[in-house]
Amino acid sequence: MSSPTPSKLSAASSRETILARIREALRVPAPPPHVIDRTLVDVPHRSDPSTADPRSGFPALQVLPADAGRPWLPDGGDTPEERLAILTDNLEKLRAEVHRCRDVAHAAETIADLARAASWQRVAWHHDALVADVVRALSCETCQVDGPSGSDKELLESCQAGITSCELLVAQTGSILVDSRRSGGRGLSILPHVHLVVARVDQVVGTLGDALALTKQRHGGQLPSMLSFITGPSRTGDIERILVLGAHGPKELHVILVG
Amino acid sequence: MTTLQHNAASGSKESGKKLPSADSQAGPVPPKRQFLQDAAAHVADIGHRSFVRSALGGYYKSRDAQKARYRDWEHARDAASLAKWSAVNRLDELLEQFAANFEGRGGKVHWAANAHDAREIILELVRQAGARAIIKSKCMTSEEIHLNAALEEEGYGVVESDLGEFIQQLRGEPPYHFVFPCMHVRREEISRLFEDNLGTAPTDSPEELTMIARRHMRRLYVEADVGITGANFLVAETGQISITENEGNARLTAALPRMHIALVGIEKVVANLDDLSILLPMLATAGAGQPMTCYNTLYGGPRQEGECDGPHEMHVVLLDNHRSAILADPEQRDSLHCIRCGACLNVCPIFKNVGGFTYGTTYQGPIGSVITPHLRGLADWNHLSGASSLCGACSDACPVRIDIHHHLLHNRRNAARTSPSRLERLGHRLFVTAATRPWLFRTAGWMARQSMGLARRLKPPLVREWLASRDLPTAPRETFRAAWQRRSRAAGARRPEKGVSSASSREST
Ligand code: SF4
C-alpha cells in the first residue's frame with residue numbers, strides 16, 4: 001500500500017499525478033444520489049441550461065440553484081422585525097448577551113458599565129467610527145490594534161476585552177460575521193477573554209446564504225483574508241460532553257445592538 | 001518513518017489503560033484478531049459502555065431539537081448530498097480552480113500523493129520557517145499521516161490545542177472518536193492527567209479542567225511560529241478554506257503564528273459559497289446538535305495589505321492518500337461526500353458497544369469501516385464490514401445521505417470476490433442443494449431442530465464461539481408449514497387453500 005518514496009519531491013509532477021488519477025477515476029460516471037425530491041436533480045444547469053454533463057451523461061453537475069437550501073434550512077425571517085426577533089432569540093439560546101441600545105451614547109454607557117462591573121484594566125479596539133465612539137467613554141487603558149505601531153500579540157493577550165464592529169449579523173443561525181479587514185484583524189475578536197460587538201440593527205440579514213452573497217458583492221474579487229462567523233461564546237464539550245464556555249476563545253460575547 | 005504508514009493505533013481495550021504510541025505495535029497482531037480481542041474486552045466493560053452512552057445522551061436531545069428548527073430536514077439533506085455529489089464528480093476541475101484562486105490570493109498549494117509526501121512537504125515548510133514551536137488545531141488528516149510523530153522525530157515540539165486532542169496527546173492515545181476525541185475519559189482521569197503533566201491541583205469540575213487547559217495554552221499560541229490546521233471545506237469559487245470549530249483554538253492557530261499550514265483531503269472541495277451555506281449548518285446540527293458551530297472561518301491566503309495581523313505565509317497541502325482509489329469506484333464514490341460530522345458513530349449500536357479504539361483506524365465507526373479498506377487494503381480490513389448490524393441507523397443519520405450500510409455490504413461482496421472463503425462456499429453449496437429438494441430440506445430441518453438443544457448443552461467448537469455472545473433460541477416444536485396446515489384444517493370446511501399451502505412448502509422453515 002505504501003508508495004515509493006521519491007527522494008526529491010517534484011511539485012509539478014505530484015500535481016499532475018493526482019489530477020491524472022482523478023481524471024482516470026472519473027471516466028466512469030457515478031449516478032446522482034437518491035434524493036426524495038427529483039426536481040432537484042432535474043433543475044436546469046445554472047450556467048448552462050438544458051444540457052447534461054457531456055462527460056457523465058447524467059444531469060449537469062452544478063445542479064443546485066442559487067441558495068437552494070433556503071426553503072428548508074431554519075427560518076431567517078422575512079421582515080426586519082422578524083429577523084431581529086429571530087436573531088435575539090438565537091443569541092440568547094447561545095448564551096451570548098444582547099444589549100439593545102437607543103443610540104451610540106447609550107451603547108457607550110452600556111459598555112462603560114460592563115467595564116466597571118468587571119473592572120477591566122485594558123481593552124483592545126480597532127479603528128471604526130462606531131467603535132471609536134464607544135471606546136471614548138471608557139476610563140480604563142485602551143489599545144488600538146490597527147494603530148501606527150501595529151498589532152502586538154503580547155499586548156493583546158493582556159487585554160481583558162476586545163471591542164469590534166462586525167460586517168453582518170445572521171438571524172437564521174445567530175451568527176456574527178467579522179472579517180480581518182474591517183473588524184480589527186484576526187486576533188482581536190478571539191484572544192481577549194471578553195468580546196464585545198457593536199452593531200447597528202440594520203446590519204442584520206436573514207440567512208447564511210444571504211450573508212455570503214452580500215459579502216461577495218461588497219468585496220468583489222477582493223475578499224479579506226479571513227471571514228469568520230462567530231456563533232456564541234467559545235465552548236467545548238470535550239469533558240464528558242458537558243458544555244463549558246470559554247474554551248480558548250472569549251468566555252463572554254456581548255452583542256450591542258444600536259438603533 | 002516507513003513504519004508510520006499503516007497503523008493508527010493498535011488500540012488499547014479498557015478505559016484508562018495507556019496506549020503505546022500510534023505506530024509501535026503495527027506488526028504482530030493482525031487487525032482482525034486485534035478487533036475481536038478488543039471488541040470482546042469492551043463489550044464486557046459495562047461501566048465503560050454506559051459511560052459512553054450517557055455522554056451521548058445530551059447529543060440526541062440537542063440534535064433533535066435543532067433538526068426541528070429546519071423547515072424540512074429531509075429536503076435539506078437532498079440539497080447537501082447534491083452539493084457534495086456535484087463537487088466530487090468534477091473534482092479535477094474544482095481542485096484546479098481552488099488552487100488557482102488560492103494562489104492568486106498569495107497562498108501556496110502543495111499536492112501530496114500519499115502520506116509520505118505530505119509529511120515531507122510539511123517538514124520542509126517547518127524547516128524553512130525556522131520553527132521552534134508548533135501549535136496545531138484538530139486535524140484528522142494529520143492523524144492519518146502520523147504527522148506529530150514525524151515532527152517530533154525531527155526534534156520539533158508540537159502541541160495539540162483542541163482540548164480533547166490535548167488530553168489525548170497527554171495520554172499518548174489517538175482520538176477515540178473523530179469528532180469527540182476524548183469522550184471515553186472520565187473527569188477524574190483528566191484531573192490526574194493534568195496533575196501529573198501540568199502540576200495543577202486536582203478538581204472534579206469540567207469547567208475548572210477546561211480553564212486549566214485554557215491558561216496553559218495561551219502562552220503557546222503567542223509563542224508558536226507555525227500553526228497547523230485541517231479544513232472542513234475548500235471553496236473552489238473563491239480560493240478559501242473553511243474551518244469549523246467550537247473552541248476558538250483554530251482561530252488562534254491561524255491568527256498568531258507567522259506561518260499557517262492547512263492539511264486537507266482532496267475530497268473536501270465544494271463549488272461555491274452558496275453550497276457552503278447549506279453544508280455549514282447541517283454539519284453543526286448532525287455533528288453536535290448545534291444551530292451552527294461556534295466558529296466557522298474562511299481563510300483565503302496570508303495577511304493582506306491593510307490588515308493588522310495574521311500569518312505572513314499560508315500553505316494548503318492537498319492530500320490524496322488513496323482518496324483517488326475510492327473515487328475510482330463509482331459504486332462507493334459517494335463515501336467521499338462525507339463531511340466528517342460523526343453522526344453515524346453517535347447512532348451506531350456497534351460503536352456504542354465496542355468503542356472507538358477497537359476499530360484500530362483513524363476514522364472510526366460506520367464511515368471508517370467503509371473507507372478504511374480502501375485506504376489500507378481490503379484483505380486486512382474487510383472484517384470491519386462485518387462490524388455492523390445493517391440496521392441502517394448510520395445512513396439515516398448522515399446529513400449528506402451516504403448509503404453507508406449498503407457500502408458495508410458492497411465491501412463484504414468485494415472481499416468475497418477477491419478471496420472467497422472455502423468454508424462459506426461449501427456452506428452455500430450445501431444450502432442450495434437442500435433448498436431445492438423439499439425432502440432433503442425437511443430432513444435437514446428436522447435434524448437441526450433435534451440438535452439445537454444438544455448444541456446449547458455441549459457447545460461444540462464453531463458453535464461455541466457463536467454462542468459466546470448470543471443465545472440460541474429454543475427450537476419450535478413444529479415447522480411453520482406444519483403449523484399452517486394444522487391451522488387450515490382447523491379453519492375446516494372453508495375452501496381448501498391449495499395454492500397457499502403449496503407455495504408455503506417452498507419457503508417453510
Ligand atoms: S458518513 Fe455521513 S454521518 Fe458519517 S461522518 Fe460522514 S457525513 Fe457524518
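Trainee: Why is B:Glu154 counted as partly exposed?

Mentor: In this predicted model, B:Glu154 has a relative accessibility of 43%. Buried means under 20% and exposed means over 50%, with partly exposed in between, so B:Glu154 counts as partly exposed at 43%.

Trainee: What makes the contact of B:Arg127 with B:Glu154 a salt bridge?

Mentor: The closest N and O atoms of B:Arg127 and B:Glu154 are 3.3 Å apart. The cut-off is a Lys or Arg side-chain nitrogen within 4 Å of a carboxyl oxygen of Asp or Glu, so the pair qualifies.

Trainee: Is B:Arg127 buried, partly exposed or exposed?

Mentor: B:Arg127 is partly exposed, because its relative accessible area is 36%.

Trainee: How do you know that B:Arg340 forms a salt bridge with B:Glu267?

Mentor: Their closest N and O atoms are 3.9 Å apart, and the criterion is within 4 Å; the pair therefore meets the definition. B:Arg340 is in the loop between helix 13 (323-327) and helix 14 (343-346) of chain B, while B:Glu267 is in the loop between strand 7 (259-265) and strand 8 (269-270), 73 residues apart. Both B:Arg340 and B:Glu267 are buried.

Trainee: Why does the salt bridge of B:Glu74 with B:Arg401 tie together parts that are apart in sequence?

Mentor: The closest N and O atoms of B:Glu74 and B:Arg401 are 3.2 Å apart. B:Glu74 lies in helix 3 (residues 73-88) of chain B and B:Arg401 in the loop between helix 19 (393-397) and helix 20 (404-418), so the pair connects parts that are 327 residues apart in sequence.

Trainee: What makes B:Arg401 buried?

Mentor: The relative accessible area of B:Arg401 is 16%, and buried means under 20%; B:Arg401 is therefore buried.

Trainee: How many salt bridges are found over all chains?

Mentor: A search of the whole structure finds 40 salt bridges. A network of salt bridges links A:Arg15, A:Glu16, A:Arg23, B:Asp92 and B:Glu96.

Trainee: Why is B:Leu430 counted as exposed?

Mentor: B:Leu430 has 55% relative accessibility, and exposed means over 50%, so B:Leu430 counts as exposed. B:Leu430 lies in helix 21 (residues 422-435) of chain B. With B:Leu423 and B:Leu426, B:Leu430 makes a nonpolar surface patch of about 330 Å².

Definitions and conventions
Residues numbered from 1 in each chain as written. Chains lettered and ligands numbered in written order. Predicted model: local features only at pLDDT ≥ 70, side-chain atom pairs only at ≥ 80, totals over all residues. Heavy atoms only, no water. Patch = residues over 30% accessible without salt bridge, like charges linked within 9 Å, V, L, I, M, F, W, Y side chains within 5 Å. Areas by Shrake-Rupley, 256 points an atom, 1.4 Å probe, with all protein chains shown as cover. Helix = DSSP H or I, 4+ residues; strand = E, 2+ residues; numbered from the N terminus. Buried < 20%, exposed > 50% of the residue type's maximum accessible area, 1.4 Å probe, protein only.
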